[in-house]
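Dear colleague,

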Amino acid sequence: MGNLRGFYKRLDQYYAQNNLGGAEQFLQESVERSQVPIREVIAAYNELGSLYRSTGQYAQSLSAFEKARELAEKVLGPTCTQYATVLNNMAGTCRLMQNHNKAIELFQQAIEIYHKVGETTSYAYASVLNNLSLAYRETNQLEEAIKCLEEALTLIETMPEHQQEITVTYNNLTILYHATGNYGQAMLCLNRALQEFKKCSDEENVHYAAGLNSLAGFLYANGEYARALTLYRHSAQYTKRFFGENAEYAITCQNMRWVYEKMGRYKDAVDALMKAEKIYERLWGDDNERTRAVADDLRRLVEEYGA
């Protein structure tokens with residue numbers, strides 16, 4: 001374990017410096033050097049797979065995970081949690097490659113291992129359930145996706161150190177229940193998600209501005225415009241605070257425009273859309289397709305309401 005702690009400490013230093021090239025070189029050297037402990041080699045291949053996946057190099061990611069899987073199976077056996085971790089990571093890459101059937105198969109294999117070794121109350125097990133839920137959701141198996149999330153939720157709600165995940169899980173359940181037509185349960189999950197958001201620190205909340213946007217969209221669709229506007233404003237504040245007035249901030253301004261229009265606040269709708277247009281112009285120029293679309297929408301809005 002001491003060697004692995006040193007391994008992850010060095011790797012974390014590269015990531016802290018945003019030095020992905022250095023991290024890749026370190027991991028490559030770790031798998032190529034002789035006399036490196038086999039668990040460290042497995043960990044290095046696993047981390048390489050994650051690094052390549054994060055940069056969209058899915059073929060390289062899958063190859064690295066496969067090498068980690070082969071070594072883990074040979075040295076540690078196919079019924080240990082480290083092997084299950086590799087399967088979970090491989091499945092994640094397969095899902096991003098749109099190979100959902102293979103992804104679901106691998107996620108299920110990982111779940112079986114956790115059951116065999118009695119690790120079904122761990123955060124790692126809950127993470128596999130969350131990932132499997134995504135694969136089910138993307139293949140329109142919504143009831144199966146809900147079952148996975150509900151099981152994961154019962155676990156992570158006992159883990160206060162994972163407040164972020166609790167919040168996101170309620171957010172995802174809101175979307176799933178709404179998609180299945182269970183609006184009552186969707187609203188219950190939405191209200192719980194909002195309660196959980198308030199428990200997060202600002203540093204945690206900033207990562208979930210998109211979550212606030214999706215919840216606001218649900219409220220908008222249900223005609224709760226004032227509550228939707230409040231969430232959109234919070235989302236915009238978090239985004240601006242940590243990332244400035246970027247594209248995500250502009251999208252939120254566009255979302256607020258629709259709410260203002262529904263509320264009859266046409267001047268506010270125009271102001272929100274003007275802000276989005278200026279951000280897109282600054283980011284991509286006047287001739288960008290999105291900039292032109294917002295400009296056309298703005299002209300229509302002004303002509304229709306004279307705001």
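**The largest pocket**

Helix α7 contributes the most to the lining of the largest pocket, with nine residues. Please note that this is a predicted model, in which local features need pLDDT of at least 70 and side-chain atom pairs count only at pLDDT 80 or more, while totals for chains, interfaces and linings use all residues. Residues are numbered from 1 along each chain as its sequence is written, and side-chain values use heavy atoms, with hydrogens and water left out.

The largest pocket holds about 550 Å³ of space and is lined by 23 residues, among which N88, S127, N130, N131 and L134 lie nearest its centre. Two or more lining residues come from each of α5 (81–96), α6 (100–116), α7 (123–138) and α9 (163–179). By class, the lining has nine nonpolar, ten polar and four charged residues (Ala, Val, Leu, Ile, Met, Phe, Trp, Tyr, Cys and Pro count as nonpolar, Asp, Glu, Lys and Arg as charged, and the others, Gly among them, as polar). A pocket here is, on a 1 Å grid over the protein atoms alone, an open set of points where a 1.4 Å probe fits, with protein on both sides within 12 Å along at least five of seven lines, and lining residues have an atom within 4 Å of a point.

**Helix α3 and its two partners**

The axes of α3 (residues 38–54) and α4 (residues 58–75) come within 7 Å and cross at roughly 160°, which means that α3 is roughly antiparallel to α4 (angles over 145 degrees count as roughly antiparallel and those under 35 as roughly parallel). This crossing of α3 and α4 is left-handed. Their contact (heavy atoms within 4.5 Å) includes I38, V41 and I42 of α3 and Y58, Q60 and S61 of α4, and its residues divide into 13 nonpolar, five polar and two charged.

With α5, the axis of α3 comes within 10 Å and crosses at roughly 20°, so α3 and α5 are roughly parallel to each other; α3 passes α5 in a left-handed crossing. Here R39, I42, A43, N46, S50 and R53 in α3 meet Q82, T85, V86, N89, G92, T93 and L96 in α5, and the contact has four nonpolar, seven polar and two charged residues.

**Helices α15 and α16**

The axes of α15 (residues 266–284) and α16 (residues 289–305) come within 9 Å and cross at roughly 160°, so that α15 is roughly antiparallel to α16. The crossing of α15 with α16 is left-handed. Among the residues that meet are Y266, A269 and W284 in α15 and R290, T291 and Y305 in α16, and the residues of this contact divide into 13 nonpolar, one polar and four charged.

With kind regards

Methods. Axes are lines fitted to C-alpha atoms, for helices over the stretch in contact, and angles run from 0 to 180 degrees between N-to-C directions. Helices (H or I, at least four residues) and strands (E, at least two) are DSSP runs, numbered from the N terminus. Angles under 35 degrees count as roughly parallel, over 145 as roughly antiparallel, 65 to 115 as roughly perpendicular and the rest as oblique. A crossing is left-handed if the near helix is turned anticlockwise from the far one by less than a right angle, and right-handed if clockwise. Grid points are joined across faces, edges and corners, and a volume is the space filled by probe spheres set on the points.
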